[in-house]
Structure formats: C-alpha cells, structure tokens
Amino acid sequence: MDPELEAFIPFLPHMDMNDPVTSRKDFAERAAAAPAPDTSNMEVEDRTVSADPDVAVRVYRPHRARGAVVWLHGGGGVFGDLDTEHPWAARIADLSGAVVISVGYRLAPEHRFPAALDDAYAVLTWTAEHADELGTDPARIAVGGHSAGANLAAAVALRARDQQGPAIRFQLLNQPGLDDRQETWSARNFTDTPWFNRDKLAAAWRHYLGSQPATPYATPARATDLSGLPSAYIATAEFCPNRDEGIAYALGLMQAGVSVELHQWPGTFHGSQAILSADVSQRQNLELGAALRRALAE
C-alpha cells in the first residue's frame, strides 16, 4: 500500500451498501462539508435534458473549450448525485479543458437497470444535438466516469455503436466495475480491501440488477464483440476488486482492434485518489485530465 494512502485508512468512513438510503445521506453530508472547488475559470450551469423522465445535468464550460465529455459519477449505482460529484466534475473540466456534462442519473435499487443507462444515453444524444449551444464540436464527444459511472460509460459506448447513435471519440474508464460474475482473482480475493471489497461489490450488483438477467449493456464484460468501439483510457487500482475485470476489458478491446491506454496504479485502492494530498492521487488525477485533453484535441 502506498504509505501516504495507508495513513488515511483508519479514518475512512464506513459505507453500508445494504442500506442505500443511509449511505446516500452520509455520502451527501461528507461531500457538502468538503471545500468548494475553484470554478472561476469556467461557467457552471444546471440544465434539464428532456427525456422520459427528464434528466438533470450540470454543465461545466471552461473558457475556449472545444470537446465535451458526458461524465458519470461513481457510487455503486446506489449513491451520488450532481452535488456530490461537483468537485470531481469541476476538476475534470479544469484538467482537461473539456466541457463536462455531469449526469444526475437515476439510482438503484429504486431504479434498476436500464434506468441509469437510459438517462446516460439520453444525455449523450442531447450533448450531440446541442453542440452549437454548448460551444463544442460534435465530432469531439467522450464518455467517462468512475467505478459504476465507468460501467455506464462503457455501456453507453456499446449502445451507441449498436444503435448507430451519436459518434463517441473516446471512453475514459476509471476503476470500472464491468462484470457482475465476480469470478476474477481480484473480485474473489479482495474481501477486506479499504473502502470497497467483494461484499460491497456484490451488494452493488444486487441493487443494480435485481432479479434481471445480466446483459452486455448492464455488464459490459459480457460483451462478445468489442470491435468498432471508441479508443479508451482505462485506469485500475492495485487493491480494488474491480482491478482484473478492468484489465481484462482493456485486453479485450485491444484484441478487437481498439486503441487502449491502460494504467494500473500500484499501491492504490478503489477511490483512493480522493485523498488529494497523496502524490499518487495527484498523478492519477492529472493523468485523467491529460488523457481526455489528448483524445479531444485536434
């Protein structure tokens, strides 16, 4: 474990994935207590995307931005919203120079699959259709997110390919949760890792899927054809149950002819890059922004 991160482990909050309502409340309270991000170099606006039902988004528009990313927060598909994601979305906009459209998608277990995916896809379509209004180039649209949000980003890319939807240039998948089967070495063995472990992972999938059979749009690791998908940056954490499925998905994309940058961060755990004082977290966050900036450049 990275020593700077290890020092914080005793102070990590407990998240009970079996009690989504309390988890959401606790998560929101902690996020509200965090310092507000500096957004002086960008415009921030709350919008509503017309869909069934409508989807709330928060748009971060840095000065002289050209590309855009549909950004999907983490939280196991169970917690998180536009307010809790505000510091991350602002940071991604600042580091990448891209317009960030942060999505307030519906949460499980009240709204199981495909509700969140439908919301994310509606926002992708809206982003492409409103490129002029957003001041972006419709040929420079990415999808991205953390954890469960990275799952949604990968699923949106699959759906856009299959349905000849809006063109996606790039997918940014940070510590993605892509496989409900939990058969990889990391998913089976990381039972007591900080913040996120096998039991929490199982609970998240249970909330998200319910009794429904898993499909590639719910769990992209089940997709048998990964050809024709957007190029990708995939980041994994060493002590994360999602680690091996992220690496396997990167290999699958490469074997299907998709250009992939894969970065496995040693000494880290799931979500540890929120510990901003650690050197490795700073490098992780800079890399996310740089990867997005490169992908959306001319």
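Trainee: What should I know about the model before I start?

Mentor: It is a predicted model, in which local features need pLDDT of at least 70, side-chain atom pairs count only at pLDDT 80 or more, and totals for chains, interfaces and linings use all residues. Residues are numbered from 1 along each chain as its sequence is written, and side-chain values use heavy atoms, with hydrogens and water left out.

Trainee: In what order do the strands of the sheet come?

Mentor: Strands (E, at least two residues) and helices (H or I, at least four) are DSSP runs, numbered from the N terminus. Two strands pair if DSSP finds at least two bridges between them. In this model, 8 strands form an open sheet with mixed pairing, in the order β1-β2-β4-β3-β5-β6-β7-β8. Its edge strands, each pairing on one side only, are β1 (42-49) and β8.

Trainee: How many bridges join β3 to β5?

Mentor: Strand β3 (residues 68-72) and strand β5 (residues 141-146) run parallel and are joined by 5 bridges.

Trainee: Which elements make a right-handed β-α-β unit?

Mentor: First, the rule: with the strands pointing away from the viewer, a crossover is right-handed if the path from the first strand over the helix to the second runs clockwise. Here β7, α9 and β8 make such a right-handed unit.

Trainee: Is Met254, in helix α9, buried or partly exposed?

Mentor: Buried means under 20% relative accessible area, exposed over 50%, and partly exposed in between (1.4 Å probe, protein chains only). Met254 has a relative accessible area of 36%, so it is partly exposed. Helix α9 covers residues 243-255. Together, Leu251, Met254 and Leu262 make a nonpolar surface patch of about 230 Å². Patches are made of residues with over 30% relative accessible area and no salt bridge; like charges are joined within 9 Å, nonpolar side chains (Val, Leu, Ile, Met, Phe, Trp, Tyr) within 5 Å. The areas come from the Shrake-Rupley method with a 1.4 Å probe, and for residues only the protein chains shown count as cover.

Trainee: How many salt bridges are there?

Mentor: Side chains of opposite charge can pair when their charged atoms come close. A salt bridge is counted when a side-chain nitrogen of Lys or Arg is within 4 Å of a carboxyl oxygen of Asp or Glu. By this rule there are 17 salt bridges. In one of them, Arg58 meets Asp46 at 2.6 Å, N to O. This pair links distant parts of the chain, with Arg58 in strand β2 (residues 55-62) and Asp46 in strand β1, 12 residues apart.

Trainee: Which helices hold Arg159 and Asp118?

Mentor: Their side chains meet in a salt bridge of 2.8 Å, N to O. Arg159 lies in helix α6 (residues 148-162) and Asp118 in helix α4 (residues 115-129), so the pair ties together parts that are 41 residues apart in sequence. Arg159 is buried, at 16% relative accessible area, whereas Asp118 is partly exposed, at 32%.

Trainee: What about Arg243 and its partner Asp244?

Mentor: Their closest N and O atoms are 2.7 Å apart, and both residues are buried. Elsewhere, salt bridges that share partners join Glu45, Arg47 and Glu133 into one network.
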